[in-house]
Amino acid sequence: MQLRDEMNKKNDEISNLTRSQVELRKENRDREIAFSAALMKSDSGYIGPFTTDFTLTYRDVFTNIGNAYNPITGVFTAPLKGAYMFRVSVFGHGGTPAAASIYKNGERMVNAHNNQPQHDLNSSNGVVLILEVGDVVYVKLWSGCRIFGSPNNPNTFSGFLLFPLREQELCRM
């Protein structure tokens, strides 16, 4: 009788562990947020210069896990409070600067800029941002600047969730 009770107890523990693993997998799946996109799918050509800053739309989406990036608007919307990593790269040709910035909720965070009279222009930058649910992140081409897009994908915008945050974790910063 005692052996049977112990076996039943072990079976219950295993069953509870299995349920916990399933719940943990589902919880982690909800935290899977990542995207990476390039400006152009198949065409080549210049974007810009414009007389005002211009929000770029990266339409050639390589990855959009969690569907938080909108390739129509060029905007990433945070579905989860957390620490996120974003990167931007720009490419152009000399004579006109190539420059863009990552914005969070309308505020410029970091720039990628290069300018020289001739030859190729390359620049990139990245930033870790603390986002609340609904915060938006996007890239703007600077006024008076231009970039050159091609199927080689030299202009990209990427981001991913590093880890989610709870209220009390933000208080430590």
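The protein chain of this predicted model contains two helices and 13 strands. Of its 173 residues, 39% count as buried. The accessible surface of the chain amounts to about 10,100 Å², and carbon and sulfur atoms account for 51% of that area. Among contacts between residues at least 6 apart in sequence, 73% join residues that are at least 24 apart.

Strand E13, which spans residues 156–164, takes part in two of the strand pairings described here. With strand E1 (residues 34–38), E13 pairs in the antiparallel sense over five bridges. Within this pairing, Ala37 has Phe157 of E13 as its bridge partner. Strand E7 (residues 82–93) also runs antiparallel to E13, and eight bridges join the two. Here, Phe86 stands opposite Gly159 of E13.

The interior was examined next. In soluble globular proteins, nonpolar side chains tend to be buried together. The largest nonpolar core of the model comprises 34 residues, of which Leu56, Tyr58, Phe76 and Phe86 touch the most other members. At least two residues of this core come from each of E1, E7, strand E8 (98–104), strand E9 (107–114), strand E10 (120–131), strand E11 (136–141) and E13.

Val128, Phe160, Leu162 and Phe163 make a nonpolar surface patch of about 350 Å². Strand E13 gives the most to this patch, with three residues. Phe163 is found in E13 and, because its relative accessibility is 41%, counts as partly exposed.

Side chains of opposite charge can pair when their charged atoms come close. The structure holds two salt bridges. In one of them, the side chains of Arg108 and Asp53 meet at 3.3 Å, N to O. This pair links distant parts of the chain, since Arg108 belongs to strand E9 and Asp53 to the loop between E2 and E3, 55 residues apart. Arg108 is partly exposed, with a relative accessible area of 36%, and Asp53 likewise counts as partly exposed, at 29% relative accessibility. The loop that holds Asp53 lies between strand E2 (45–47) and strand E3 (54–55). Leaving aside neighbours within four places in sequence, Asp53 is in contact with Tyr103, Arg108, Lys140, Leu141, Trp142 and Ser143. Asp53 and Cys145 are separated by 92 residues in sequence and by 8.9 Å in space, C-alpha to C-alpha.

Lys81 forms a salt bridge with Glu132, with the closest N and O atoms 3.6 Å apart. Lys81 lies in the loop between strand E6 (75–77) and E7, and Glu132 in the loop between E10 and E11, so this pair ties together parts that are 51 residues apart in sequence. Lys81 counts as buried because its relative accessibility is 11%, whereas Glu132, at 34%, counts as partly exposed.

Terms used: Residues are numbered from 1 along each chain as its sequence is written. This is a predicted model: local features need pLDDT of at least 70, side-chain atom pairs count only at pLDDT 80 or more; totals for chains, interfaces and linings use all residues. Side-chain values use heavy atoms; hydrogens and water are left out. Patches are made of residues with over 30% relative accessible area and no salt bridge: like charges are joined within 9 Å, nonpolar side chains (Val, Leu, Ile, Met, Phe, Trp, Tyr) within 5 Å. Accessible areas come from the Shrake-Rupley method with a 1.4 Å probe; for residues, only the protein chains shown count as cover. A salt bridge is a side-chain nitrogen of Lys or Arg within 4 Å of a carboxyl oxygen of Asp or Glu. Helices (H or I, at least four residues) and strands (E, at least two) are DSSP runs, numbered from the N terminus. Buried means under 20% relative accessible area, exposed over 50%, partly exposed in between (1.4 Å probe, protein chains only). Two strands pair if DSSP finds at least two bridges between them. A nonpolar core is a set of buried Ala, Val, Leu, Ile, Met, Phe, Trp, Tyr and Cys residues joined through side-chain atoms within 4.5 Å. Contact means heavy atoms within 4.5 Å.
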